[in-house]
Amino acid sequence: MPTASSRTEPAARRVFITGASSGIGAALARQYAAEGAHLGLVGRNAERLQMLAESLDVPCAVYLVDVRDPIAMQQAASNFIDQFGLPDIVIANAGVSRGTLTERPEDASAFRAIMDINVLGMVHTFLPFVSLMRQKGEGRLVGIASVAGIRGLPGASAYSASKAAAITYLESLRSELSGSGVSVTTISPGYIRTPMTDVNHYRMPFMMEVDAAAGKMMAIIEKKRRYAILPWQMAALGRLMRVLPAPLWDWLTRRAPRKPRLEDKPL
């Protein structure tokens, strides 16, 4: 029989996370680090990324990369694989939000940036890993969407459209990879206390603290769930949102609060 000293320890999991500079991405990094995972941290804020990596007692690779850049994302993915091997979990979390109005020509650039980051950024995140995971016959791809993608919200047309596109993209990807051993999980959170929601000056029902949300997301990923909304109260509301007739939805949202436009802050 093997002795205790001869038994091999299970290999540390490898987790690649975009949008890791703050908010949900940083919270997920902390919680996976607590489990001993080897991490790839992608973001646009060098100082926050480095501080996060230094605070974690696990091997980390830091990538100062904009997910809109497919070449840089490919390079980051290749570097991570060279250092740690193919990730077990890839989490496309990078996302931005801002109030937008189609009637304002100056918002066109915000529309473009939101769609590029929230949708194409997800594609650029997964692209370097999908065929390799398929060849291996295992792996988990996780996309962070939003309940804002279920129905269009006034004053947040770009964000709602981008998250609706992300949800549909992930559904297509899941179908494409069916039977391959690679799982695709879509997580649509409601309001999470992060810098993204700190700018909202209106009531946000069922607000979750970011660490609690990250813990629930990890459980969802572990179970390889196809689609999940959190918290449970928002999941119930999401089911209702899907079935409301358009005239009633229009009436309910006519006077809904709107996210600030923040024209002076680049995306």
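In this predicted model, a residue is called buried when its relative accessible area is under 20%, exposed when that area is over 50%, and partly exposed in between.

Q: Is Ser 183 buried or exposed, and what is its relative accessible area?
A: Ser 183 is found in strand S6, which spans residues 182-189. The cut-off for a buried residue is a relative accessible area under 20%. Ser 183 therefore counts as buried, its relative accessible area being 12%.

Q: Which residues does Ser 183 touch, not counting residues up to four places away in sequence?
A: Ser 183 belongs to strand S6. With residues up to four places away in sequence left out, the residues that Ser 183 touches are Gly 139, Arg 140, Leu 141 and Lys 224.

Q: Where is Lys 224 placed, and what phi does it take?
A: Lys 224, one of the residues touched by Ser 183, lies in the loop between H7 and S9. Its relative accessibility of 43% makes Lys 224 partly exposed. Although Lys 224 is not a glycine, its phi is positive, at about 55 degrees.

Q: What distance does helix H7 reach from its first C-alpha to its last?
A: Helix H7 is formed by residues 210-222, 13 residues in total. At 1.5 Å a residue, a span of 18 Å is expected, and the helix comes close to this value. From first C-alpha to last, H7 reaches 18 Å.

Q: How many degrees around the axis of H7 do its buried residues cover?
A: The buried residues of H7 are Val 210, Ala 213, Ala 214, Met 217, Met 218, Ile 220 and Ile 221. They are on the same side of H7 because the arc they cover around the axis is only 160 degrees.

Q: What phi does Phe 206 have?
A: Phe 206 is placed in the loop between helix H6 (195-198) and strand S8 (208-209). Its relative accessible area is 36%, and Phe 206 is thus partly exposed. Although Phe 206 is not a glycine, its phi is positive, at about 60 degrees.

Q: What is the omega of the cis peptide bond between Leu 230 and Pro 231?
A: Pro 231 is found in the loop between strand S9 (227-230) and H8. The peptide bond that joins Leu 230 to Pro 231 is cis, with an omega of about 0 degrees.

Methods:
Residues are numbered from 1 along each chain as its sequence is written. This is a predicted model: local features need pLDDT of at least 70, side-chain atom pairs count only at pLDDT 80 or more; totals for chains, interfaces and linings use all residues. Side-chain values use heavy atoms; hydrogens and water are left out. Helices (H or I, at least four residues) and strands (E, at least two) are DSSP runs, numbered from the N terminus. The expected span of a helix is 1.5 Å times one less than its number of residues. Buried means under 20% relative accessible area, exposed over 50%, partly exposed in between (1.4 Å probe, protein chains only). The arc is that of the directions from the helix axis to the C-beta atoms. Contact means heavy atoms within 4.5 Å.
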